[in-house]
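This report describes the fold, the sheet, a central helix and selected side-chain arrangements of one protein. The sequence and the structure come next.

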Amino acid sequence: MMVPVSDKAAIFDVDRTLIGVPTERLFFGFLIWRKKIAWRQATRYFQQLIGNWEDRYTNKSYLQGLAVREVDSLADDCYRSLIRPRLSPKGLTCLKDHRRQRHRIVVLTGSLECLMAPLQRDLDADWLIATKLETAGECYTGRISGAHPRGKHKLELLQDLARRNGIDLSVSTAYADHSSDLPLLLHIGRPVVVNPSFRLLVLARQRRWPICRF
């Protein structure tokens with residue numbers, strides 16, 4: 001007899017949760033190393049970030065004009081060589097425990113979708129919510145498409161996915177590391193903080209949320 005799939009989900013952040021470093025930062029360095037971004041272009045990009053700090057999470061101008069197929073192939077290479085070897089064994093064990101309980105797995109991250117798609121496949125995750133990149137023809141524009149999965153938008157994107165797929169967030173678990181994840185953690189049945197930032201650590205202790213280190 002087939003065991004029914006649970007309406008419970010386990011939601012995993014990625015950067016500084018399943019992996020100890022920001023994945024897009026690894027990708028940026030990888031593109032420089034592969035000579036897809038010149039140092040002059042990288043310097044100009046950082047100057048843009050400094051001048052428009054509020055747009056730092058949505059400015060992807062370093063990818064402007066690059067072919068979608070090439071970037072996606074480079075993202076896969078970067079994942080295999082730099083990201084997968086850095087995945088936390090404890091985090092992966094935790095995810096597998098949820099899978100054994102037939103909980104549905106959601107990877108929820110502000111990192112790039114093209115960079116996280118190989119991770120979704122490796123983890124056999126049911127869904128991936130990540131930053132989508134805007135395209136024009138066969139190239140990336142340097143802008144994002146849709147909402148950036150951070151803060152309240154991270155929660156809204158998850159809630160939309162839950163409504164469409166029969167997930168009950170009130171009995172689900174979410175793993176996250178930063179105070180920007182509070183909208184998510186405050187609206188999930190079982191919030192777990194992982195490798196927390198100082199502010200989130202303080203709030204977790206006040207609310208008696210589980211704290212773990214991956």
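## Strand pairing

Two strands are taken to pair if DSSP finds at least two bridges between them. The strands β6 and β7 are joined by 2 bridges and run parallel. Within this pairing, Val 194 has Cys 212 of β7 as its bridge partner. The model is a predicted one.

## Overall fold

The protein has 8 helices and 7 strands. Its radius of gyration is 18 Å, close to the 17 Å that the globule rule gives for 214 residues, so the protein is as compact as a globular protein of that length. Along the principal axes, the C-alpha atoms fill a box of roughly 55 × 45 × 30 Å.

Of the 214 residues, 48% are buried. The exposed surface comes to about 11400 Å², and carbon and sulfur atoms supply 51% of it. Among contacts between residues at least 6 apart in sequence, 58% join residues at least 24 apart.

## The sheet

The 7 strands form an open sheet with mixed pairing, in the order β4-β3-β2-β1-β5-β6-β7. At the edges stand β4 and β7 (211-212), each with a single partner strand, so one side of each has no neighbour in the sheet. Strands of a sheet pair through backbone hydrogen bonds, either parallel or antiparallel.

Strand β2 pairs with β1 (residues 9-12) in the parallel sense over 4 bridges, and Val 106 of β2 is the bridge partner of Ile 11. Another 4 bridges join β2 to β3, again in parallel; here Leu 108 has Ile 129 of β3 as its bridge partner. Strand β2 is mostly covered, with 8 of its 9 residues buried.

## The β3-β4 hairpin

Strands β3 (residues 127-136) and β4 (residues 139-145) run antiparallel and are joined by 4 bridges. Thr 135 is bridged to Tyr 140 in β4. The two strands form a hairpin with 2 residues between them, and Gly 137 in the turn has a positive phi of about 65 degrees.

## Helix α5

Helix α5 spans residues 113-123, and its buried residues are Cys 114, Leu 115, Met 116, Pro 118, Leu 119 and Leu 123. Asp 124 follows the helix and has a positive phi, near 55 degrees.

## Aromatic pairs

A search of the whole structure finds 8 aromatic pairs. Phe 28 lies in helix α1 (residues 23-33) and Tyr 62 in the loop between α2 (39-51) and α3 (68-83), so the pair ties together parts that are 34 residues apart in sequence.

## Arg 150 and Ser 180

Arg 150 lies over the face of Tyr 57, at 4.0 Å from the ring centre. Arg 150 is also in contact with Ser 180, as is Gly 151, when neighbours of Ser 180 within four places in sequence are left aside.

Ser 180 is found in the loop between β5 (173-176) and α7 (182-185). Its relative accessibility is 16%, so Ser 180 counts as buried.

## Leu 186

Leu 186 is found in the loop between α7 and β6 (190-194). With a relative accessibility of 42%, Leu 186 counts as partly exposed, because this value lies between the 20% and 50% cut-offs.

Which residues does Leu 186 contact, leaving aside its neighbours within four places in sequence? They are Arg 207 and Trp 209. The C-alpha atom of Leu 186 is separated by 9.6 Å from that of Leu 155, 31 residues apart along the chain.

Conventions: Residues numbered from 1 in each chain as written. Predicted model: local features only at pLDDT ≥ 70, side-chain atom pairs only at ≥ 80, totals over all residues. Heavy atoms only, no water. Phe/Tyr/Trp six-rings, centres within 6.5 Å; stacked < 30°, edge-to-face > 60°. Lys NZ or Arg CZ within 6 Å of the ring centre and 35° of its normal. Rg over C-alpha atoms; globule rule 2.2 N^0.38 Å. Buried < 20%, exposed > 50% of the residue type's maximum accessible area, 1.4 Å probe, protein only. Contact = heavy atoms within 4.5 Å. Areas by Shrake-Rupley, 256 points an atom, 1.4 Å probe, with all protein chains shown as cover.
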